[in-house]
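Visitor: I am new to this structure and should like to understand the terms used to describe it. Would you take me through them, giving the grounds for each?

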Amino acid sequence: MNKMDVISRKHLPLICLILFFGFPLLVKESVVTAEKEIPATKFGQNVGGPTMTFLYCYSCGYRKAFEDYVNILSEKYPQIKVSGGNYNPPGWNMYFSKIIFAIKVLLIVIIVSSYDIFGVLGQQTPSWWRHLVENKLYACMMIFFVGNMLEGQLVSSGAFEISLNDVPVWSKLQTGRIPAPQELFQIIDNQLQFVDKIQENPDFVK
């Protein structure tokens, strides 16, 4: 067995960890890219009826507001199909958050498995790293919470964006606030004109 075989075997666990956690991230990114390439659906082409989409900042706690609007709209305008999801901030923030997530998981796995990463690199193990390995629970919790905090700050957009048939009708990023229900009702009425497309539910309590 030559020296190269020994080095390769030493690096094999680390390579496996990188492939195990890196491949799903690459697949997820390709799926997101493919979804962005789907052309927008206009109102005249929407054979399934009107659709309203909410893109909100999940880390800001806006999921509850979205669920409230789903209940309200399903009562007042039952023909509108409402969907929602997390608003991905533009720029490099999403990429940085995914990198931090991968590093966070990789560090936790290395610490839990007591993998001698510095020994593989031919370096002396620092005292701070030995302290982390000796206190695995504390180290993993610290890495987990610090990583989550950094990820949350990167993806915290404060967004609550509303589109009707892929046409933007409200933006919290521009207005600085979430619309009141009556404001949204008026926007829907004005946008679709509610003549033949949708009949308002007469039993809805305003």
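Guide: The protein contains eight helices and four strands. Along the sequence they are arranged in the pattern α-β-α-β-α-α-α-α-β-β-α-α. Please bear in mind that this is a predicted model.

Visitor: What is the mean pLDDT of the protein, and which stretches stay under 50?

Guide: The mean pLDDT is 75, and 70% of the residues reach 70 or more. Residues 3-8 stay under 50, and the model gives them one contact beyond four places in sequence. Residues 21-46 also stay under 50, with 21 contacts beyond four places in sequence. Where pLDDT is low, the predicted coordinates should not be read in detail.

Visitor: How much of the protein is buried, and how much accessible surface does it have?

Guide: Of the 206 residues, 31% are buried. The accessible surface comes to about 13500 Å², and carbon and sulfur atoms account for 62% of that surface.

Visitor: What share of the contacts with a separation of 6 or more joins residues 24 or more positions apart?

Guide: The share is 71%.

Visitor: What describes the packing of two helices?

Guide: Two packed helices are described by the angle between their axes and by the distance between those axes. For helix α3 (residues 93-113) and helix α6 (residues 136-155), the axes come within 9 Å and cross at roughly 175 degrees.

Visitor: Why is α3 called roughly antiparallel to α6?

Guide: An angle over 145 degrees counts as roughly antiparallel. The crossing angle here is roughly 175 degrees, and therefore α3 is roughly antiparallel to α6. Residues of α3 that meet α6 include Phe-96, Ile-100, Phe-101 and Leu-107. On the side of α6, the residues include Ile-143, Phe-144, Leu-150 and Leu-154. By class, this contact has 15 nonpolar, four polar and three charged residues.

Visitor: What makes α3 roughly perpendicular to α5?

Guide: The axes of α3 and helix α5 (residues 127-134) come within 8 Å and cross at roughly 75 degrees. Angles of 65 to 115 degrees count as roughly perpendicular, so α3 is roughly perpendicular to α5. The contact is made by Leu-107, Ile-110 and Ile-111 of α3 with Trp-129, Leu-132 and Val-133 of α5. These residues divide into six nonpolar, no polar and no charged.

Visitor: Why is Pro-179 called buried?

Guide: A residue is buried when its relative accessible area is under 20%. The value for Pro-179 is 3%, and therefore Pro-179 is buried. Pro-179 lies in the loop between α7 (172-175) and α8. Leaving aside neighbours within four places in sequence, Pro-179 is in contact with Tyr-69, Phe-160, Ile-162 and Trp-170. Pro-179 and Phe-160 are 19 residues apart along the chain, and their C-alpha atoms are separated by 9.1 Å.

Visitor: Why is Gln-191 called partly exposed?

Guide: Partly exposed residues fall between the buried limit of 20% and the exposed limit of 50%. Gln-191 has a relative accessible area of 38%, so Gln-191 is partly exposed. Gln-191 belongs to helix α8 (residues 181-192). Beyond four places in sequence, Gln-191 is in contact with Leu-164, Val-167 and Val-169.

Visitor: What makes Arg-63 partly exposed?

Guide: Its relative accessible area is 38%. Arg-63 is therefore partly exposed, as that value lies between 20% and 50%. Arg-63 is found in helix α2 (residues 63-76). Not counting residues up to four places away, Arg-63 touches Tyr-56 and Tyr-58. Its C-alpha atom is separated by 9.6 Å from that of Phe-160, a residue 97 places away along the chain.

Visitor: Which residues other than glycine have a positive phi, and where are they found?

Guide: Most residues other than glycine have a negative phi. Ser-114, which is not a glycine, has a positive phi of about 55 degrees. Ser-114 is found in the loop between α3 and α4 (117-120). Asp-166 has a positive phi near 65 degrees, and its place is in the loop between β3 (160-164) and β4 (167-171).

Visitor: How do you know whether Ser-114 and Asp-166 are buried or partly exposed?

Guide: The limits are again 20% and 50%. Ser-114 has 39% relative accessibility and so counts as partly exposed. Asp-166, at 35%, is therefore partly exposed.

Methods: Residues are numbered from 1 along each chain as its sequence is written. This is a predicted model: local features need pLDDT of at least 70, side-chain atom pairs count only at pLDDT 80 or more; totals for chains, interfaces and linings use all residues. Side-chain values use heavy atoms; hydrogens and water are left out. Helices (H or I, at least four residues) and strands (E, at least two) are DSSP runs, numbered from the N terminus. Buried means under 20% relative accessible area, exposed over 50%, partly exposed in between (1.4 Å probe, protein chains only). Contact means heavy atoms within 4.5 Å. Accessible areas come from the Shrake-Rupley method with a 1.4 Å probe; for residues, only the protein chains shown count as cover. Axes are lines fitted to C-alpha atoms, for helices over the stretch in contact, and angles run from 0 to 180 degrees between N-to-C directions. Angles under 35 degrees count as roughly parallel, over 145 as roughly antiparallel, 65 to 115 as roughly perpendicular and the rest as oblique. Ala, Val, Leu, Ile, Met, Phe, Trp, Tyr, Cys and Pro count as nonpolar, Asp, Glu, Lys and Arg as charged, and the others, Gly among them, as polar. pLDDT is the predictor's confidence in each residue, from 0 to 100.
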